[in-house]
Amino acid sequence: MAKTQLNVRVDEDTARAARERALERGMSVNRYIEELVRQDTGEAGHTFVEAAADFMKQYESVFAEEFGAAQGESSGAHRSEGRH
């Protein structure tokens, strides 16, 4: 993906906080800001949901075996069996 340069003015405290957070995460300030924007626009959320869906597909049988939940079974059925 092509990169575009942005010039942003922030107060010194905000600049210091951005540098410190980026350093803590082992990334550049540019990358840190880019990640914040992605999170804010939901891209990270979409990635998380996709990864969670893949995980559930892989381990669906394990969860079904462990918790006894068949597809389409309502959670109310567990309560009638004495599970709370």
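Helices, each a DSSP run of at least four residues, are numbered from the N terminus. In this predicted model, helices H1 and H2 each supply at least two residues of the lining of the largest pocket. The points below describe helix H1 and then that pocket.

**Helix H1: length and ends**

- Helix H1 covers residues 12-24, and its 13 residues should span 18 Å at 1.5 Å a residue; the end C-alpha atoms are 18 Å apart, which agrees with that expectation.
- At the start of H1, the backbone nitrogen of Asp13 has a side-chain oxygen of Asp11 within 3.1 Å.
- Just after H1, Gly26 adopts a positive phi of about 70°.

- Ala15, Ala18 and Ala22 are the buried residues of H1.
- These buried residues fall within an arc of 60° when seen down the axis of H1, so they line one face of the helix.
- In general, an α-helix has 3.6 residues a turn, so residues three or four places apart point the same way.
- Helix H2 (29-41) is included in what covers the buried residues of H1.
- The face of H1 turned away from the buried side carries Asp13, Leu23 and Glu24, which are exposed.

**The largest pocket**

- The volume of the largest pocket is about 720 Å³.
- Its lining consists of 20 residues, and Leu6, Val29, Asn30, Ile33 and Glu34 are those that lie nearest the centre of the pocket.
- Helix H2 gives the most to this lining, with seven residues.

Conventions:
Residues are numbered from 1 along each chain as its sequence is written. This is a predicted model: local features need pLDDT of at least 70, side-chain atom pairs count only at pLDDT 80 or more; totals for chains, interfaces and linings use all residues. Side-chain values use heavy atoms; hydrogens and water are left out. The expected span of a helix is 1.5 Å times one less than its number of residues. Buried means under 20% relative accessible area, exposed over 50%, partly exposed in between (1.4 Å probe, protein chains only). The arc is that of the directions from the helix axis to the C-beta atoms. Contact means heavy atoms within 4.5 Å. A polar contact is a pair of N or O atoms within 3.5 Å; within protein, one must be able to donate a hydrogen and the other to accept it, and residues adjacent in sequence count only if both atoms are side-chain atoms. On a 1 Å grid over the protein atoms alone, a cavity is a set of points where a 1.4 Å probe fits but cannot get out, and a pocket is an open set with protein on both sides within 12 Å along at least five of seven lines; lining residues have an atom within 4 Å of a point. Grid points are joined across faces, edges and corners, and a volume is the space filled by probe spheres set on the points.
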